[in-house]
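This briefing covers how the chains of one model are arranged and where they touch. Please keep the sequence and the structure in view while reading.

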Amino acid sequence: MSIFICGAGGLAREVFAVLESAGDTVTGFCVEPGYTTGILRGLPVRDHFARDEPDPCFVIAIGDGRTRARLAAQLADARWTTALHQAAVLGPNVLLGDGVMVLGPCSATTDVAIGSHALINPGCTIAHDCTIGAFVSLGPAVSLAGGVIIEEGASLGIGAKVAPGCRIGAWAVVGAGAVVIRDVAAGDTVVGVPARSHRPDRS
Amino acid sequence: MSIFICGAGGLAREVFAVLESAGDTVTGFCVEPGYTTGILRGLPVRDHFARDEPDPCFVIAIGDGRTRARLAAQLADARWTTALHQAAVLGPNVLLGDGVMVLGPCSATTDVAIGSHALINPGCTIAHDCTIGAFVSLGPAVSLAGGVIIEEGASLGIGAKVAPGCRIGAWAVVGAGAVVIRDVAAGDTVVGVPARSHRPDRS
Amino acid sequence: MSIFICGAGGLAREVFAVLESAGDTVTGFCVEPGYTTGILRGLPVRDHFARDEPDPCFVIAIGDGRTRARLAAQLADARWTTALHQAAVLGPNVLLGDGVMVLGPCSATTDVAIGSHALINPGCTIAHDCTIGAFVSLGPAVSLAGGVIIEEGASLGIGAKVAPGCRIGAWAVVGAGAVVIRDVAAGDTVVGVPARSHRPDRS
């Protein structure tokens, strides 16, 4: 098996560190055509997705969830690896989808589902019975109370908090440090304490 | 010794996971008469407090502090177990009362007292010289600076922060994400950044 | 080598705990002339900086960054020890300056520089490519997103968050729970969500 990291920025270096510390050997990095290639961490950065390699395996280390979704569709038949930091503390019935990234110390207590290609940054805490959709991004130090549902592709900024039982709709954006105490509609952007919808064109 | 967990909800499952991962064998769950019984994690959920068991030992895994206080009074002569997650980092002179629950990675640096049946959720950090009363509830990712005093039964929501030396009065409620920078009176509810008293009937 | 902790308050006790748990033997505490001496943790508290000891080694366990800077200048030719808690998770290319203190579970993912005599409290998360200057103080549960720059001596209160790429100027002060989403000027004080400049004489 050859492990390739899609991406070559800061997140890719973080994922590389997680895989290496878990004892995995990374073969190289991949970027889309047009992006800069070269050498990163002593490994090649290629501008194609290495489909010619024997038994390639991927993780999409790109911060933008929509780009992760697009690449996952493009590589639909690929094998995926997860990048699970050894300091993550996962309780019983915590299920990780394909290509999930958990980049440092985190907690998920029990009965939690984390969808494919979700990104969980260091310092996150996830309480019982949370459901996190595919392509979701949790910034550093995000905390979810019990029974929270984060739908596909939603992105929570650094330090955001979600109160018990709240639902964050698909592809919603929660600002840095926002505290969500009621449901957030799909596609909405919310900021502040408590989090309120943010319409840049009106404020 | 037979360990019984009082409660059968999400918190009870979290406490169960902590005890199991610490190598303790749980005998069953108990709920008050009228609540649903059955099987949870393969173990019986009883609607009485198993006083007939040989050498029973309890932990009250119920989120509401007043209910914990009532049950603790009801079971006044019971033996209690603590549920201390192995990823909790406790320094010197950190004292835990009867039935304390610490559900995940947490830090208490030095000279900290945590009262009986207090609930400390994952991601909390407690600095030097803090005193936490009985039946206090700290939500996930709550942080207390040095010399903070949390009196009996106070409840701090997810991600709340308390500045150095502040005192939170008995049975006060601190909202999710609130940042406490001055003392909070007993029984008060505070929210926001900085935290201010919240009177729902006026706003 | 004799290790001396400069300071004898709560932070000094926290640093003592970190050093002891790391297997280091502390010889004593030092305070400036005029401060209370005596015994702390069974060790002498001296009112001079033990320059007569064989091969002395210091760490400045004082919360105020300006005082740390003054003492570091005064002891300019001293040897320094770091106090790095064993629960800190440091990735590749995370560099620690002289006398850095990391007091509990923390994360620094990759390509991070932490300047001399910086103080990192428990629960902090530091993402890729951050630069933290000398004498900086990060309160408990502070989180820095990728590419953040914290200049010399800046102080971030408990639970402060900094969005990607922001720069916090030298000796700036960020309030408890503040969320920084744009650059902060040197010497400024910012508070709130989002963080705004705080002029006590006008508000």
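The points below go from chain arrangement to interfaces, domains and backbone geometry.

This is a predicted model, in which local features need pLDDT of at least 70, side-chain atom pairs count only at pLDDT 80 or more, and totals for chains, interfaces and linings use all residues. Residues are numbered from 1 along each chain as its sequence is written, chains are lettered from A and ligands numbered from 1 in the order in which they are written, and side-chain values use heavy atoms, with hydrogens and water left out.

**Relation of the copies**

- Two copies of a chain are related by a rotation about an axis and a shift along it.
- The copies use different surfaces, since 5% of the contact residues of chain C recur in chain A; contact means heavy atoms within 4.5 Å.
- Chain C can also be laid on chain B, by a turn of 120° and a shift of 0.0 Å along the axis, with an RMSD of 0.0 Å.
- Only 5% of the interface residues of chain C are also interface residues in chain B, so these copies too meet through different surfaces.

**Interface of chain C and chain A**

- In this interface, 20 residues of chain C are in contact with 20 residues of chain A.
- About 1,300 Å² is buried between chain C and chain A, and carbon and sulfur atoms give 70% of that area; buried area is the accessible area (1.4 Å probe) that two parts lose on being put together, summed over both.
- Three salt bridges are found across the interface of chain C and chain A, a salt bridge being a side-chain nitrogen of Lys or Arg within 4 Å of a carboxyl oxygen of Asp or Glu.
- Arg41(A) and Asp111(C) form a salt bridge through their side chains, at 2.6 Å from N to O.
- Six residue pairs, both at pLDDT 80 or more, are in polar contact between chain C and chain A; a polar contact is a pair of N or O atoms within 3.5 Å, where within protein one must be able to donate a hydrogen and the other to accept it, and residues adjacent in sequence count only if both atoms are side-chain atoms.
- On the side of chain C that touches chain A, β11 (106-108), β17 (143-144) and β20 (161-162) each supply at least two residues; helices (H or I, at least four residues) and strands (E, at least two) are DSSP runs, numbered from the N terminus.
- That side of chain C is made up of ten nonpolar, seven polar and three charged residues; Ala, Val, Leu, Ile, Met, Phe, Trp, Tyr, Cys and Pro count as nonpolar, Asp, Glu, Lys and Arg as charged, and the others, Gly among them, as polar.
- A salt bridge also links the side chains of Arg13(A) and Asp129(C), at 2.8 Å from N to O.
- Arg13(A) lies in helix α1 of chain A and Asp129(C) in the loop between β14 (125-126) and β15 (131-132) of chain C, so the pair joins two chains.

**Interface of chain C and chain B**

- Here 20 residues of chain C are in contact with 21 residues of chain B.
- The buried area between chain C and chain B is about 1,400 Å², with 70% from carbon and sulfur atoms.
- There are three salt bridges between chain C and chain B.
- The side chains of Arg13(C) and Asp111(B) meet in a salt bridge of 2.9 Å, N to O.
- The side of chain C that touches chain B has eleven nonpolar, six polar and three charged residues.

**Domains of chain A**

- Chain A is divided into domain 1 (2-81) and domain 2 (84-189), with bounds from an automatic or database domain assignment.
- The centres of the two domains, taken over C-alpha atoms, are 23 Å apart.
- Between them, domain 1 and domain 2 of chain A bury about 1,300 Å², 66% of it on carbon and sulfur atoms.
- Zero salt bridges are found across this domain interface.
- α1 (10-21), β5 (56-60) and α2 (65-74) of chain A each supply at least two residues of the side of domain 1 that touches domain 2.

**Backbone geometry**

- Most residues other than glycine have a negative phi, and most peptide bonds are trans.
- The peptide bond from Val193(A) to Pro194(A) is cis, with omega near -5°, and Pro194(A) sits in the loop between β24 (189-191) and β25 (196-197) of chain A.
- Arg41(B), which is not a glycine, has a positive phi of about 55° and is found in the loop between β3 (38-40) and β4 (43-46) of chain B.

Terms used: Least-squares fit on C-alpha atoms with pLDDT ≥ 70 in both.
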